Structures are given as structure tokens and as C-alpha cells.
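Dear colleague,

I am passing on the structure below and would be glad if you looked through it.

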Amino acid sequence: MGGKLPRDSSGRFFLNVNPTCFRAIVDYLNELAISTPENMPEAPTVGEECNRILRQQLELFGLCKFVKVPPLHNNYPDSAIVIFSTEVPLLYQWLEEEGEYGDMK
């Protein structure tokens, strides 16, 4: 989330994120703040329909390396959908190999 965060007309920060996933992350961080090393909270969870969004938001906030979340079930193994920002360089490579990168560089 580079740069300044947008604010609403009242000056409050505006985060355009899924509220269910964001609540799960905030609840986890609150539990983490009051937990002991012997009693760490479980990773945040949401319904199956939001798992992908939860992982994306954890990545967005730089929490993937701190929160152990179960791997996503890939319902579409032949899909070329980019899920994580770490996959973008591979996408650029594929597009360059095909000569189809257009204005993306």
C-alpha cells in the first residue's frame, strides 16, 4: 500500500477491503497482543468463500510471513488467475515470451 492512504471527507482513513476478512485480521491481532508465547491464538479464519480474500489481505498488510494460514484449495488447477503479487514477475515473463506485454512495461 505505497504512498498515502486515502481519507474520507471527515479525514478518516479509507481502506477498501473485505469487512469480514478485515475483522478476522483485527480480531487475530488483538488476541495476539494479549496472548502469551505459551498460548498463541489460532490463525484468522473466515468462511471458505472468503479464504482467498483473507490471504490476499494478509499479504496486502504484510502479515503472511507472520500468520500461518492453511493453503488454498485450488478449485481451478488450470487457471492462470494471478492470486498473489509474488506471481506478477512470472506473468511479465510469460507475456514477454509471447511478445504480448503491450503497455505494461
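In these notes a residue is called buried when its relative accessible area is under 20%, exposed when that area is over 50%, and partly exposed in between, with a 1.4 Å probe and protein chains only. By that rule C50 is buried, with a relative accessible area of 11%.

Please keep in mind that this is a predicted model, in which local features need pLDDT of at least 70 and side-chain atom pairs count only at pLDDT 80 or more, while totals for chains, interfaces and linings use all residues. Residues are numbered from 1 along each chain as its sequence is written, and side-chain values use heavy atoms, with hydrogens and water left out.

Overall picture

The protein has 3 helices and 0 strands, where helices (H or I, at least four residues) and strands (E, at least two) are DSSP runs numbered from the N terminus. Read from the N terminus, the order of elements is α-α-α. Of the 105 residues, 15% count as buried, and the protein exposes about 8400 Å², of which carbon and sulfur atoms supply 54%; these areas come from the Shrake-Rupley method with a 1.4 Å probe, and for residues only the protein chains shown count as cover. If contact is taken as heavy atoms within 4.5 Å, then 43% of the contacts between residues at least 6 apart in sequence join residues at least 24 apart.

Cysteines

How many disulfides does the model contain? With a disulfide defined as a pair of cysteine sulfur atoms within 2.5 Å, the count comes to 0. C21 is in no disulfide, and the nearest cysteine sulfur, that of C50, is 4.6 Å away. Seen from C50, the closest cysteine sulfur is the one in C21, and at 4.6 Å this is too far for a bond. C21 counts as buried, at 0% relative accessibility.

Q57 itself is buried, with a relative accessible area of 5%.

F22 takes part in the 1 aromatic pair of the model, where rings of Phe, Tyr and Trp (its six-membered ring) pair if their centres lie within 6.5 Å, and planes under 30 degrees apart count as stacked, over 60 as edge-to-face and the rest as tilted. F22 and F61 form a tilted pair, with 5.9 Å from centre to centre and 50° between the planes. Because F22 lies in helix α1 and F61 in the loop between α2 and α3, the pair ties together parts that are 39 residues apart in sequence.

L29 and V67 are 38 residues apart in sequence, yet 10.0 Å apart in space, C-alpha to C-alpha.

Charged side chains

The structure holds 2 salt bridges, a salt bridge being a side-chain nitrogen of Lys or Arg within 4 Å of a carboxyl oxygen of Asp or Glu. In one of them the side chains of R23 and D27 meet at 3.0 Å, N to O; these residues are 4 apart in helix α1 (residues 19–34), so about one helical turn separates them. R23 is partly exposed, with a relative accessible area of 48%, and D27 is partly exposed with 32%. The side chains of R12 and D8 also meet in a salt bridge, at 2.8 Å, N to O, with R12 exposed at 53% relative accessibility and D8 partly exposed at 28%.

The charged end of R7 sits over the ring of F13, 4.0 Å from its centre, the rule being that NZ of Lys or CZ of Arg is within 6 Å of the ring centre and within 35 degrees of the ring normal.

The loop between α2 and α3

V69 lies in the loop between α2 (51–60) and α3 (88–98). Not counting residues up to four places away in sequence, V69 touches A43, P44, R55 and L58. V69 and N51 are 18 residues apart in sequence and 9.4 Å apart in space, C-alpha to C-alpha.

With kind regards
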